[in-house]
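Colleague: I'd like to learn how to read a model like this one. Could you walk me through it?

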Amino acid sequence: MRIFLEPIGVVRGRLCAQSVEIDGDSAVGKLIESLNLPPKLNVIAITDGKRLSSDEKLKDGATVKIVSLALGG
Amino acid sequence: MKGSTGHFLSVNLSDGSTNSFCPPIDYYSRFIGGAGFAARLFVERGNFETDPLAPDALLIFSLGPFAGLRLSGASRFSAAACSPLTGHWADSSCGGNFAPELKFAGFDGILISGKAEKPSVLVISDHTAKVETYPELWGLGVEKTTAALKHKFGKASKTLVIGPAGENLVKFACIINDGHSAFGRAGLGAVMGSKGLKAIVVRAKDRNFIVEDPIACRKLVSELNSRIKESVTLSVMRENGTAANLEGGVHLGDVPIRNFTSNFWEEMAEALTGSTLSEKYLKRRANCDFCSVACKRIVEITEGPFAIPKGPGPEYETIVSFGSLIGSMDLAATCKAGKMCNDLGMDTISCGATIAWALEAFENGDIGVEECDGLQLKWGDINTIINHLLPTIAEKRGGLGELLAGGSVAAARKTGSKTREYNVHAKGLEAPMHDPRGGGHGLALTYAVSHRGACHVSSPMLFMEMGACYYPEIGFDYELDPLSSENKAESAVLAMALGSLENSACLCQFADREITIPEWVALFNSVAGFNWEIHDMMKAGRRIFYLQRLMNHRYGLRAEDDKISSRLLTPAVDGAPEGIKIEFDKMKTKFYNLMDLDPETGIPSSKTLVDYNLETEADIILKG
């Protein structure tokens, strides 16, 4: 299935793909793994303003925001 | 004692005398330096009954053992005193270039008492110091004062300066190092101002730094510097500053909006984020001494109402304090407001938060045009803030300036009970720009139990919740869900000890994320010769936490004061954390149990005081 990606903040410059093709029954954790982003960016997925847990199943054609937890302050 | 000079400078401004003294040698391994060392010195020499702004109040600057080491993130130091803003013990941390220079000049810190008859400057050079009168500097902003001091003492001299806010005893006045870095929090600039001390200048000829094991130290520092330079997360900071991921923070619900009444504002996210600052206004990057991270910004705005010449730019806290917190998404305006706060010498967090309180109070009719000296206050009206409020507060001009110069908690106390609902603080210190509802529920706990009040640098809890830490050697080998209370008390126990270590060793919270626990121990051992194992180091961290807690008990704080404003415990109305409640009481109860803190007094049991070798200190503090 195809998942559409919307990189946010520091992820934007590091994630060129606008969408990825993953197995039909994949969960969020699998999607994030497939992005090959540096582990230290510690990215999560957000849909409709809500954070998705890593075992949450995705639907074909879904759009997810990819956000890094690496915050400064 | 290796890594330190063994000498503190003592200054009595009332008679202009300066002396050097040697603190007891055991203080160095028991309280390390920085915040911990300053606390122990106060217990020895301070008076808990003294008003924070009285002449005999103490103001202490304290270095860590690594100041002067050519290690990224090691050039910070602490200032500490009874806070005029909160009325209890507080310390503040500053980067920049002053700490190494003071170490090279022969001192581990400065202990200041008394009040100068005329506005004065403390001038420190190699192993000597003198107090000189400079009445012509009084009333000048930080920029002109710094420039005048550099002209007089040389460009290579390093400065600590207060602005008009410190002179006027604004309760959140800060102290600025070389025009850019700040002892921002807790109003220590007002303590300096109350002493008639406009500035401190230091210049050292030598660059000597003697460590316990030079070979091991050089190898370790080289490894750490390489790792810090190549770190993905720190390269993000180098590229786009501490606000690099502000946009991500908005989507997580971490960034406060309109005085913490909202957790999501999509248009603002991109407008204020670090990459936008880089694209629009960044001229170059700047760094603290010896640091490759270079998260500081030098900006220039060439046109428009907020045009500013090339100079220090805002970091994350300032961008949010004068951006989303007050309902604005004008990035140029945050640059201008930050520059003005630096020049006037005001903490951007407490200043922005106090203004946000006023905006909400005005919106709800709790204060009106009459109390605001004829001004209309409204969300996002950054023009009024820049052109009227900032100078009014710094000068304590009119009713509004006087009201806001005391900070948001005092302002609400004067104005009326309903406006207390608009306060967002812990122990009287306004909350920084990370909302625990989105940033991480453990942050609510560490804001509450931090000795100085709502503080994001009292511990690395934010980083631990965000997955930036992995410390299996001390039992932190699991992932935390930021939006849950699970494992947060256990993590906070470690976080508070680590925070005490960071603020006493005076290491930067960004850079030291790349240092493992065994490497921390190796640093202490190779530099200071402590001969520690991991548990010795963690014990020192917790000892410092307990000491600061004992001190604040003497200042009247109890377990019931370990709390945060109800606004932060009310579920968010929007954004990623919408509807999720923080289980604060559950986390606090567990934290208290794990730390052996009494549920009423908030201090540890006699047994724990013995276990942490704090009997002497407890006797002095509790029995007076």
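Modeller: Let's begin with a word we need: two strands count as paired if DSSP finds at least two bridges between them. This is a predicted model, by the way. Now look at strand S1 (residues 8-12) and strand S6 (residues 109-113) of chain B, which pair over five bridges in the parallel sense.

Colleague: Which residue of S6(B) is the bridge partner of Val11(B)?

Modeller: That's Ile112(B).

Colleague: In what order do the strands of this sheet come?

Modeller: In chain B the order is S2-S1-S6-S3-S4-S5, an open sheet of six strands with mixed pairing. The edges are strand S2 (17-21) and strand S5 (89-94) of chain B; each has a single partner strand, so one side of each lacks a neighbour in the sheet. On average, neighbouring strands here are turned by 20° against each other, ignoring direction.

Colleague: And which strands does helix H2 of chain B touch?

Modeller: Helix H2 (residues 34-45) of chain B packs on that sheet and touches S1, S2, strand S3 (59-63), strand S4 (77-82), S5 and S6 of chain B. The direction of H2 makes about 140° with that of S3(B).

Colleague: What about salt bridges? How many does the structure hold over all chains?

Modeller: For a salt bridge, look for a side-chain nitrogen of Lys or Arg within 4 Å of a carboxyl oxygen of Asp or Glu. Over all chains there are 35. In one of them, the side chains of Arg40(B) and Glu617(B) meet at 2.7 Å, N to O. Arg40(B) sits in helix H2 of chain B and Glu617(B) in helix H27 (residues 615-623) of chain B, so to speak a link between distant parts of the chain, 577 residues apart.

Colleague: Now the two chains together. How much area is buried between chain A and chain B?

Modeller: The size of an interface is often given as the accessible area lost when the parts come together. Here about 2200 Å² is buried between chain A and chain B, with carbon and sulfur atoms giving 57% of that. In chain A, Lys40(A), Leu71(A) and Gly73(A) lose the most area to chain B, together 30% of what that side buries. The contact takes 22 residues from chain A and 32 residues from chain B.

Colleague: How many salt bridges are there between chain A and chain B?

Modeller: Five. Lys65(A) forms a salt bridge with Glu266(B), with the closest N and O atoms 3.3 Å apart. Strand S3 (43-47), strand S4 (50-52) and strand S5 (63-68) of chain A each supply at least two residues of the side that touches chain B. S5(A) gives the largest share of that side, three residues. By class, the side of chain A that touches chain B has 10 nonpolar, six polar and six charged residues.

Definitions and conventions
Residues numbered from 1 in each chain as written. Chains lettered and ligands numbered in written order. Predicted model: local features only at pLDDT ≥ 70, side-chain atom pairs only at ≥ 80, totals over all residues. Heavy atoms only, no water. Helix = DSSP H or I, 4+ residues; strand = E, 2+ residues; numbered from the N terminus. Axes fitted to C-alpha atoms, helices over the stretch in contact; angles between N-to-C directions. Contact = heavy atoms within 4.5 Å. Buried area = accessible area lost by both parts, 1.4 Å probe. Nonpolar A, V, L, I, M, F, W, Y, C, P; charged D, E, K, R; others polar.
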